[in-house]
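Subject: Structure handover

Hello,

I am passing the structure on to you with this message.

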Amino acid sequence: MPEPILNVDDLVTGYGRQPVLHGLSLSVLEGEALGLIGPNGHGKTTLFRTVSGLNRAWSGQIRFMGEDITGLSAAQIAERGLVHVPQGNRLFPQMSVEDCLDLGAFSPAKRDNGAATRDRVFAIFPRLAERRKQRCRTLSGGERQMVAIGCGLMGQPKLLILDEPTLGLSPRLKGELRDAIGAIIETGVQVLIVEQDPEFLRRLTTRQVYIEEGRVREDFDAGSLEHDKMMEMYFGLR
Amino acid sequence: MDFADGALSAFRAVFASGLVLSSLYVMIAAGLALVWSTLGIFNFAHGAIMVIGAYVAWTVSIDLGLGQVAGLVAALAASALIGVAVNRLLVQPFLAQPNIILITVMTTLSGAFFLENSALLIWGPRIKQLEKIVDGNVFLAGTAISGHEAVIIVVAPLMMLALWAFLRFSWTGKAIRAVAQNREFAELSGIRPERMYAIAFAISAALAGFAGVMLGAIRFITPTLGADPLIKAMIVVILGGLGSIPGTILGAYLVGFGEAVSTYFLGAYWTQAMMFFVFILILVIRPNGLMGRE
Amino acid sequence: MTRTLVFPALFFGALALLPLMTDDSYVRHIAIIALLYAVVVSGWNITLGFGGVFNFAHLALFAIAAYATGILTKTYDWPSWTGIPVGIGASVIAALVVCLPVLRLRGIYVILVTFGFGQLCFQFVLNQRELTGGNFGFVRIPPLKLFDYSFRSDGGIGYYYVALLLLLITVVLIHRFVHSPFGWRVMALRENEPYAVARGIALARVRLSTFAFSAIFPGAAGAVYAQYVRSASPDMFGFSFLTIALSMLLLGGVGTIWGPIVGALVFSVFSELMTPLGPGRYLVTAVVIVAILRFFPKGLSGIPEAWQTWRKRAHAGRDVAPQP
Amino acid sequence: MFINKGLRRSVTGLAAVLAFAVPVAAQDKTVVLGVLGAFAGPFAADAVEGYNGAALAAKEINAAGGIDGFMFEVEKFDTKEMTPDAVLSAVERLKATDNLGAIVTPFGSLSGFEMDYVAEIGVPYMVAANSNQYRSIITEDPEFYKNTWSLAPSYDAYQTELPKVVNQMIESGSFAPENKTYAIIGSDNPYSMPIYEGLKKAMDADGWEMTFDDVVPPVEINDWRVMLSKIRENPPAVIINTEASSSNAAAFMNQFMEDPTDSLLFIQYAPSVPEFVDLTKENSTGVLYNMLGGPISAKVSDRTKEIGEKYAAEYGYDSSIYGYICYEMVYLYADLLKEVGDPSDYDAINATLAETDKEMVHGRVKFDPETHLSIQGDGYLPIQFYQIWEGDRVTIYPPVYATGDSRTPPWMAN
Amino acid sequence: MSLLTVSNVTKSFGALRALRGVSFDVHRGEVLGLAGPNGSGKSTLFNVLTKIPVGPDSGRVVLDGVDLSGLRPHQIVRQGLARIFQTETDFGALTVIQNVLVALPRGIGRDVRLYALNLLEDFGLADQADRPASEIGVFDRKKLMIATAMACAPRVLLLDEPAAGLSKPEVGAMAKLIKQINRQDVAIVVIEHVMPLLLDVSERLVVLDFGEVLAEGLPGEVVRDPKVIEAYLGSEAQAHA
């Protein structure tokens, strides 16, 4: 069994005094693409924020590539190659696409490869190359999402965390984005994705995890996330 | 005297006066605008940092007799250091609190009192005086102004330009703006917000120190030297609007020329009250300033 | 109910007896000023603490009341007992004027506009020298007189009881406010403005009423202040006066009935004790304010709570969830 | 009346704590001289120099064995932010001070309102400024304010003497105006406004015609050019500026010199501040100013020379007017104490003080019983006119104290 | 019989067109479900209807014959349109009962406290009436938010994800609560991602997608509408259906 690249062990955290994650454990194994699914408000985003250092863990441990990263700052974690693309893609609204991408490679070690990485991002998202001088706040939702993912790639991640990348996108854009993420996975970047759309996950990820009430409820093997199962989870219909 | 000629010379004087005042305000407001427009922190200690800058320059250049350049360098270094301390002690510890706005108003006000009275304890209440950078007069549009003021007229916009370019093109400048626009996304990009705050405050304070040195040669240096300029700078940056360096420049020139024009037509007597009135009016009509954004 | 009355009764009882303990006029003077400050700061607490509005015009209201009282009772010969109503009237009207722009603004802009209002008043006082005495101040305001009793006689003891009575009324009014539907609406707006509006609370009306209510206290205190020190000065619009009052408020703790009062009394005594330090006392004050904000964000009135939390944590070990 | 013992203890405890703020006077034969003033903030320099002057005099007197065994101790009574309550707190501290002999101060407040309270204490109270305010209060009831005396004279002469000096310059040939016109700038504060209005009246009465008239607010003024351009539209023979702030006045001086008109320039009082010359350098050569209640020039007065030198030796810089006057106040008090013998007998000391007739650093001090101000005029406290020349302050009027002749300002030379 | 009529409501934020001509009716006494994927404009619709913070760019909202366009937000509430927010919202410093009391309109009668207690009783919160709202549990805070909305005496109640973050038993309790409120002649519009709840309580369902009404009808039919399944599960999903 290969060594997990990310290992979350018995994680408890929340907001104020209100716990959201009640001892969640989860691993991303070497080489796999993991999808998370589950109802709103049950801790998926909180999990990501804690893993990437935005939230503090109350207890439990997070290990990334064998190193304990619990309690490190977000910037330190990003430097280690664990890059989180948050939900909502507000980005840096007043900055140009180009600047925004450049900042994704802020740490000096990554700056040197910045130009090359940027070319790769533009290859994946040709539309961004056209809009490179445009301010982020003037972009459409799909374009912003591309910039957000692009920024994540600029950080030269080993593991890329994507939080609902298709939120509010049209089916056509969703498809485009899915292909792009597929291309990213093919370049050897591992991903951890939260998504409402099970079809999307099934196409991209090798394993899916169902999270409810701050715990992992069910673990599905690749491809076993069946339509009927989803219909049940979503609509309560069989 | 010919009326047209009189009107022309008056126009020239208003122009020269407006330009001198605006440049003065640009210089004073530059540093304040940096932390205000990027980090959204209103530093009430800005005026007091100016004072320290002026005094340090006086100690080094006049008291110790090491010359103007050494004085300026020392002033910039000392004020930058104070800027870092202000950030470390008066801003950073409170960033997580929900009513950060009120708290930083209070802590920076406290900082202002601390610095002002430290200056009083260290340098005493007697007024001090710095050498002008350039002696003699220069003619501007037919009106004479002092060489020192001419330097300010030239340097102040350059300073703003440099500040703008720094924020626009340098890695650090972009990172500072990034932290301001979306702190979490910046952190996820590997930017350390505390460091950016420290740098922004250091630069801002150094600019205040510079303004203090320039002002200290045309006004007397006293521990309360910074109070009036702070209020002017406040008006300028608010007029300019949050998130906008060009707005600050516009604000400074509007206030400066507005003051000159108002002095000509309304007289000096009502000009000050007018300024506050217009200030409040603009805030009510455009809360985010003339060029401000959400 | 009786238990809750014990502390106030002791507090006011002790203060009522203070003049019997000592006839030292210095102590009495400090006490009068401290009591008046307590009234002013308690009033500020209504907008800033309970209302959550960063109203920096509050001290300007105090100054306006002092000037209005002085001008009407001296220049226009109004009887001195009209001082308090005049002060309250002037203060309330000014508060309503300040509140109008505030209705449209948020955050730091509220601070700046309200501060700007104070500066505008300051400019006005300077410009209207004939009326206000300009930057030297307005002097020889007639002292308070009721029937034939001048409050200056008997070493000014009358002022002490007037100030104490004002504070008592302040506490009673604010206590009623905190326990009234009006008070709850004010606090609801502070807690969550959109939610409050979504529950049918009329933002503009409640804000205007809050400002008007809070203005009563600096109005009354400003009038008594003017009649006691018999002078009003433009410094009352300045930064340092504002900072002193704000320090008292933050020191005591905003949003509580007793916090501002404790803050005002403690700060007054504290700052008087530090007089021998000269300018150094500002250094100490600045450090203390920042330290209080840092370690006791709820002020002195938050210390018992902070102490309990600390003890709980010490006992419970790591059971208490950390706060982000 | 029943009073809980613990309560009483805590209250007396509070009183003791409060009393702690008041420095405890040591020996019996100490006389405390209080300096009332704001030792921080914009007026700190005045208070500190008043204190320095008084402390210097006390040190000398003590070194010489004191007065009948009484040793002087000079103490600060800080009026802090100068808000009325802070001033009153300082007055209350004075009142609670043991062995308080007198108050010697530049000024206790800008408005003089503290007099009412000081009068109730009865302690001798000597001030060195703000004559208008003190006079307006005292004249209402001179008997009530029997302890308050001003070593500064009435400022009325500021309103009247200028035309005489200008005429004297015309006679002596140092000033040859083309016409009798003048421009005047007022500063909107209660000190400057009467002077500004008085000067207008005096100039008009002397046949001068006004070409320009404006009033500036009492704030920082960084730019006078608009106003100067208006003045230049119709250049007057004399320009009068009553701006009280020396920093503002220096800016005016410099900006006037950028393009001077063929006018005599008179700036009321502000150029007397020593640093004015630092800020204006050679620009100030030729400017006229005047001063009431200031020390006679050291060139003609040994007293001024002596005090000035001692002060500079002690503190390392030149004294301003308040250092000199507060120094003299302490010596005046020493005289009174010698005569009366008992520092606690305020009435006797006040009565003796009222009779003062003494030659001091700024002239002969004798009080006007109606206003309690020092009498102004020739033979008493003179109004002195100076002309700055290459950094030197040349007294040009009155002739008795003159240290040089008036000269044509350099910008008017041709 | 339409109580609330929403006609052709639009709203844009800059370039983003969040609502593109939304029209539907809410009938007297019904529970209308409002579904749609994340970002489809459901919450925006609630914001616009209640003008918190601002009303629609265009379109009309009529409540029981009264056009709401001229009313201010707090007047709309008093007119009978109350809403809850997506996250638990309360006046934390106030006690539970004070949370209710501030929402009560004037003229309820003399004993407002009793009235409020009765209301809390309905929500099972009466025993916590005097605790600060910040100290009660998540589910209770959610119920309190609905109780305060009920205190406004609404005729139409807008519920934004009442079950978000709740456990399964709590979701069941919430469904009961919604039905119970509905029985008091209050029409309800409910946004919910927890589909079982939505299907359980709604009599009709409106599905939004990209700011437009995608489908409208009986719940059982609407969720089998291929367009709806596609919007939820992605384009490939319909092949399985």
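This is a predicted model: local features need pLDDT of at least 70, side-chain atom pairs count only at pLDDT 80 or more; totals for chains, interfaces and linings use all residues.

Residues are numbered from 1 along each chain as its sequence is written, chains are lettered from A and ligands numbered from 1 in the order in which they are written, and side-chain values use heavy atoms, with hydrogens and water left out.

Chain contacts

Contact here means heavy atoms within 4.5 Å. Seven pairs of chains are in contact, and chains C and D share the most contacts among them. Chain D has no contact with chain A, the closest C-alpha atoms of the two being 37 Å apart. Chain D and chain E are not in contact either, with their closest C-alpha atoms 36 Å apart.

Chains C and D

The contact involves 45 residues of chain C and 43 residues of chain D. About 4100 Å² is buried between the two chains, 64% of it on carbon and sulfur atoms; buried area is the accessible area (1.4 Å probe) that two parts lose on being put together, summed over both. On the chain C side, C:Tyr26, C:Phe136 and C:Arg140 supply 19% of the area buried against chain D, more than any other three residues.

Seven salt bridges cross this interface (a side-chain nitrogen of Lys or Arg within 4 Å of a carboxyl oxygen of Asp or Glu). One of them joins C:Arg140 to D:Asp116, with the closest N and O atoms 3.4 Å apart.

H2(C) gives the most to the side of chain C that touches chain D, with seven residues. That side divides into 25 nonpolar, 13 polar and seven charged residues (Ala, Val, Leu, Ile, Met, Phe, Trp, Tyr, Cys and Pro count as nonpolar, Asp, Glu, Lys and Arg as charged, and the others, Gly among them, as polar).

Chains D and B

Here 44 residues of chain D meet 40 residues of chain B. The buried area is about 3300 Å², with 57% from carbon and sulfur atoms. In chain D, the residues that lose the most area to chain B are D:Glu220, D:Arg225 and D:Val226, together 19% of what that side buries.

Four salt bridges are found across this interface. D:Glu275 and B:Arg126 form a salt bridge through their side chains (3.3 Å, N to O). H10(D) provides the largest share of the side of chain D that touches chain B, seven residues. By class, that side has 19 nonpolar, ten polar and 15 charged residues.

Domains and sheet

For chain D, the domain assignment (automatic or from a database) gives domain 1 (5-156 + 301-374) and domain 2 (161-291 + 384-413). Their C-alpha centres lie 34 Å apart.

Chain A has an open sheet of four strands, in the order S2-S1-S4-S5 and with antiparallel pairing. Helices (H or I, at least four residues) and strands (E, at least two) are DSSP runs, numbered from the N terminus, and two strands pair if DSSP finds at least two bridges between them. The edge strands of chain A are S2 (18-29) and S5 (67-68), each pairing on one side only. S1 (4-15) and S4 (59-64) of chain A pair over five bridges, and A:Asn7 stands opposite A:Arg63 in S4(A).

Regards
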